[in-house]
Amino acid sequence: MGATTLITVAPTGAESSKTDVPALPVTLDELVQTAKECEEAGAAVIHVHIRDDDARPTLDLGRLRDTVRALREATGLIVQLSTGGAVTDPYEDRLRVLEAGPDACSLTCGTVNFGDEVFMNPWPFMVELYRRTQELEIVPEFELFDLGQVAALHRLLDKHGAPYGGHVHCDLVMGVPGGMPGDARSLVAAVEALPEGATWSATGVGRTTLPVMFAALSAGGHLRVGMEDTITFAKGRPVTGNAELVERAATLSGLAQRPPMTPAEARAFLGVKATDG
Ligand code: KMH
Ligand code: ZN
């Protein structure tokens with residue numbers, strides 16, 4: 001295959017409310033609809049947070065299982081469940097997410113200030129989560145919010161070996177107030193510190209979306225986009241749906257001569273298990 005770009009969509013997140021952002025997909029039907037549109041637009045991975053009947057973030061296991069099943073039935077996307085959840089979610093619930101049987105999951109490599117809150121990922125929790133991904137044959141994506149978390153990733157791999165699938169793929173989450181800034185020089189510093197052979201995506205939160213996307217493409221990286229990370233398409237213009245963010249990423253990837261990777265290519269690239277269906 002020629003050079004291609006892995007596009008991950010993170011359609012919902014845990015931070016925006018449906019009242020403030022009516023286009024946010026919060027029901028299973030809305031999520032599946034968005035997933036289909038984003039696959040059509042060029043996404044290969046979906047990073048999933050779900051909501052309850054009141055549109056509040058939840059890690060309910062039954063709902064997570066239904067979500068994994070529905071996404072697999074309706075799309076070929078790689079289903080990556082969030083183990084970060086919301087900042088208020090207990091560790092046990094975050095560990096239990098893996099029992100929903102996703103292809104992949106997020107694994108954040110350290111605690112970080114997160115706006116006015118704290119996103120807690122102490123070392124023992126990271127280790128427990130990592131070991132469970134190895135046992136359950138789920139591919140982790142290492143979420144890196146700052147440079148110290150890159151060092152923690154090295155420590156995790158040194159002490160506990162390679163991830164399931166054998167390939168290390170990271171996502172630089174930039175521009176979170178409390179984490180690394182969303183700019184080109186921070187991106188280059190983080191990329192240079194990654195483990196040998198690791199691949200990476202980047203996402204810029206809020207107004208850092210575009211600078212991070214351009215920097216990632218110019219540095220040979222992959223992209224994550226979606227309403228988890230930005231709800232504004234351009235100054236003063238709210239995002240109307242996740243698909244337009246994926247379309248923009250796909251267009252820019254094409255211009256960079258690295259068109260979107262298909263889900264099948266992404267499965268091989270990330271070392272994700274083949275599904276039955
Ligand atoms: N919602 C944030 C507290 C993840 O999905 O793993 C954490 C987050 C990272 O979104
Ligand atoms: Zn997330």
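**Entry 1: helices α1 and α8**

I looked up the handedness of the crossing of α1 and α8 and found the crossing right-handed; a crossing counts as right-handed if the near helix is turned clockwise from the far one by less than a right angle, and left-handed if anticlockwise. I noted that helices (H or I, at least four residues) and strands (E, at least two) are DSSP runs, numbered from the N terminus. This is a predicted model, in which local features need pLDDT of at least 70, side-chain atom pairs count only at pLDDT 80 or more, and totals for chains, interfaces and linings use all residues. Side-chain values use heavy atoms, with hydrogens and water left out, residues are numbered from 1 along each chain as its sequence is written, and chains are lettered from A and ligands numbered from 1 in the order in which they are written.

Two packed helices are described by the angle between their axes and the distance between the axes. For α1 (residues 28-41) and α8 (residues 242-255) I read axes that come within 8 Å and cross at roughly 15°. Axes are lines fitted to C-alpha atoms, for helices over the stretch in contact, and angles run from 0 to 180 degrees between N-to-C directions. The pair α1 and α8 is therefore roughly parallel (under 35 degrees; over 145 is roughly antiparallel, 65 to 115 roughly perpendicular, the rest oblique).

I then listed the contact (heavy atoms within 4.5 Å): Thr 34, Glu 37, Cys 38 and Ala 41 belong to α1, and Asn 242, Ala 243, Val 246, Glu 247 and Ala 250 to α8. I sorted the residues of this contact into five nonpolar, two polar and two charged. Here Ala, Val, Leu, Ile, Met, Phe, Trp, Tyr, Cys and Pro count as nonpolar, Asp, Glu, Lys and Arg as charged, and the others, Gly among them, as polar.

**Entry 2: helices α5 and α6**

I found that the axes of α5 (residues 147-160) and α6 (residues 184-193) come within 10 Å and cross at roughly 10°. These helices, α5 and α6, are therefore roughly parallel to each other. Leu 147, Val 150 and His 154 of α5 meet Ala 189, Ala 190 and Ala 193 of α6. This contact of α5 with α6 has five nonpolar residues, one polar and no charged.

**Entry 3: aromatic rings**

I counted five aromatic pairs. Rings of Phe, Tyr and Trp (its six-membered ring) pair if their centres lie within 6.5 Å; planes under 30 degrees apart count as stacked, over 60 as edge-to-face and the rest as tilted. Tyr 91 and Phe 125 form a tilted pair, with 5.0 Å centre to centre and 35° between the planes. Tyr 91 lies in α3 (residues 91-96) and Phe 125 in α4 (residues 123-136), so the pair ties together parts 34 residues apart in sequence. Tyr 91 is partly exposed at 31% relative accessible area, while Phe 125 is buried at 7% (buried is under 20%, exposed over 50%, partly exposed in between, with a 1.4 Å probe and protein chains only).

I also noted one aromatic cluster of Phe 114, Phe 119 and Phe 145. Phe 114 is in strand β7 (residues 112-114).

**Entry 4: positive phi**

Most residues other than glycine have a negative phi. Glu 137, not a glycine, has a positive phi of about 60° and sits in the loop between α4 and β9 (139-144). Gln 257 has a positive phi near 65°, lies in the loop between α8 and α9 and is exposed, with a relative accessible area of 64%.
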